[in-house]
Amino acid sequence: MTTHSTHNVAQGSAYVGVQAGSINGDVHNHHYAPADPSATPQSEFEVGVQYLDRFLLDTARKHIERAVARGYPITTRVQFYRLVAFLSGRTPRQLEAEEWRRLLAIWDDPPDLDEHDEWTLGLRFILRLLNSDDSAVPEAVIGDLESLPLRQRRYVLNHLDGLLEGALGNRLWQKSVAQAQQQRTAGDRLGRAWKFFHPAPIPPRTRPVAPADIVMADRVKVGIGAALLLLAIGKLTVLLAANGEFGGMIGLYCAAAGLAVFGLGGADRHFRHRRRRAKDSELQPPRRQHPDARPGGFASKIDRLFTHYFARYRPDKMGSAQWLAETAGIRRHLRNEVVDAYREDRVNVERVAWLVRYLASDVRNRWNQGTLTAYRQELRVPLRAWLLQITGAIALITGFVWATSAVFSAAVLPGTFWLVLMVPAAVTATRAVCRMVAERRRVIADSAHRAAEQFRRREAYDRWVAKLADKPTDIEMATWLECDRKVITDQALQQFQLQPSQVVAHAFLEAPAGSARKRRAADGPWRYTHYRLLLFLLTKDGVRQIDLELDFRRADHRDTQRLNYRFHAISAARIDGLALDKPTFHLTLNSGETISVQVTGTDNKPTERNEDPRSTTELTVDASGLRQTLHVLEGVAAEGKDWVRLRGEQADDRLAELSRRTRGLLE
């Protein structure tokens, strides 16, 4: 038949599984992922099973069927998984003619059955479901289901709950929903789901200690000043000894010793004052904004992390704005350290978030404990340094006066010359020595501080790694999401006052919500913290649609829109953007309303691994239900209400043929 006012458009060199303005008869659509020539049939089959457990149904079917085509031995286990993969997530009405032929071909060479084999039991139960009709007793079938081994029973309830119609289908759906409600928060989902979205943290780093920066001028001053000082002391010693002024010699040496003692105390005092000024400067608010924080760059992202976590980790009874103002200096200092330590390696900023969080909480804790400025007490000049300087000054002055008096008595002119030379040489050398000693002590102090800080950061890192140790697997994430789908679908059925048997086909479309964070496991699709979900329930009378948002970490959702429309109200269904790895689904109604959903969000670049964006998009599209949704709605758009009738008649005929072929296996 031909339906008017229907059009489907593919844009941007998009690959579309089915694209039609009108459909007559069956549509055959097969799209296979490229094979891995190095994979054995056995490994390819097991990969397919893993994808099935992650509810990546199209990908699972491809791998399982490719393994069989390459000669993988057909056993009851293989046949069980083939059936589950073929039928999962679909009703018999949704299978294409070619898929039915392949489903029937499975039984051309049936495997040997072992009455006590768990896979034989599971296989026979699936065949019984396919051969059931309205005369089947629901209690008997459900009893057989309960007697299945746990693994096979879970596969039936997780994947084949939409296989039947009538009262038996309603009972099977109820069992499936009951299991989903139990599994929805199993495995401590509420306490663990958030961990999936945190990348592996990068080990802590601290800024390397700068080597001692002793300028050449100070080295020259010490060398020349010390040489002139020793020369003057030597000349004065000879001069005083020649004139028998031994008391003056004692005064001279006393002044030299006093100078050494004074310098020792002065060097300690200079180091403490200098280090305190450096520490104080770390707390001073910056005079200007970050000139190196390029928008969207690593430094800019680190800025945002510091602002976020310092606002979050603040003292009690202090507002965020006040705390950010109080800590502007230390925040700037720590931010620069983190940027310098990690920027060169192009580290994903999310892997450094744990360190920023630790630094923010550490500053808050030190503020609460009053130890943020504890260094001021530690660097206060001790009494010992004051006593050394005072003692040294007294000895220096006393000895110098004593020696000067003796020099004037022995030889005024030469003695005055050497005294005048000795004073600036001593002052110059002493100041330079104080600066050199302070710089070397700075290196020692910085090294000790760095070691202590590295130890504390390593402890924080180890705690965070331990906290993420039980991060959910992708299979757990997929299972939780599938449970969400079933619970949501069941609630939708109740809202629309529908029985499961009244739904002839359904489709779920998933996409990231605007505020979603994303993460993916190896060889897996993108998973999101928040989803936008579109549920389409097709009945004989039309389409029921619910648009909702799912908070995955909290297993909570809320409806945002509910629509009811008849089949002829659908004007067009299309998908575009696949060539750009940004597939977008569009559904247009005759009223002019358009529903658009971008399945992979606005950013589809891998975050941690060098992966092919196209393979990631394929997996994400598979997980989203996009192809199934498009297929169902295209058929409805093209054939209207007749799609339900024709598919129902075809399914009945094909189920009858399947029953004839497999009757012997049930006896």
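Phe80 and Tyr155 are both buried, where buried stands for under 20% relative accessible area, exposed for over 50% and partly exposed for values in between (1.4 Å probe, protein chains only). The model is predicted: local features need pLDDT of at least 70, side-chain atom pairs count only at pLDDT 80 or more, and totals for chains, interfaces and linings use all residues. Side-chain values use heavy atoms, without hydrogens and water, and residues are numbered from 1 along each chain as its sequence is written.

**Aromatic pairs**

- A search of the whole structure gives 18 aromatic pairs; rings of Phe, Tyr and Trp (its six-membered ring) pair if their centres lie within 6.5 Å, with planes under 30 degrees apart counted as stacked, over 60 as edge-to-face and the rest as tilted.
- Phe45 and Tyr81 make an edge-to-face pair, because their ring centres are 6.1 Å apart and their planes stand at 75°.
- Phe45 belongs to helix α1 (residues 41–53) and Tyr81 to helix α3 (residues 76–87), so this pair ties together parts 36 residues apart in sequence; helices are DSSP runs (H or I, at least four residues), numbered from the N terminus.
- Phe45 and Tyr81 are both buried.
- The pair of Phe80 and Tyr155 is edge-to-face, because the ring centres are 6.0 Å apart and the planes are at 80°.
- Phe80 is in helix α3 and Tyr155 in helix α7 (residues 150–159), so the pair ties together parts 75 residues apart in sequence.

**Cluster**

- One aromatic cluster is formed by Phe45, Tyr72, Phe80, Tyr81, Trp119 and Tyr155.

**Charges over rings**

- The charged end of Arg357 sits over the ring of Trp464, 4.2 Å from its centre; the criterion is NZ of Lys or CZ of Arg within 6 Å of the ring centre and within 35 degrees of the ring normal.
- Arg331 lies over the face of Phe310, 6.0 Å from the ring centre.

Notes: Helix = DSSP H or I, 4+ residues; strand = E, 2+ residues; numbered from the N terminus.
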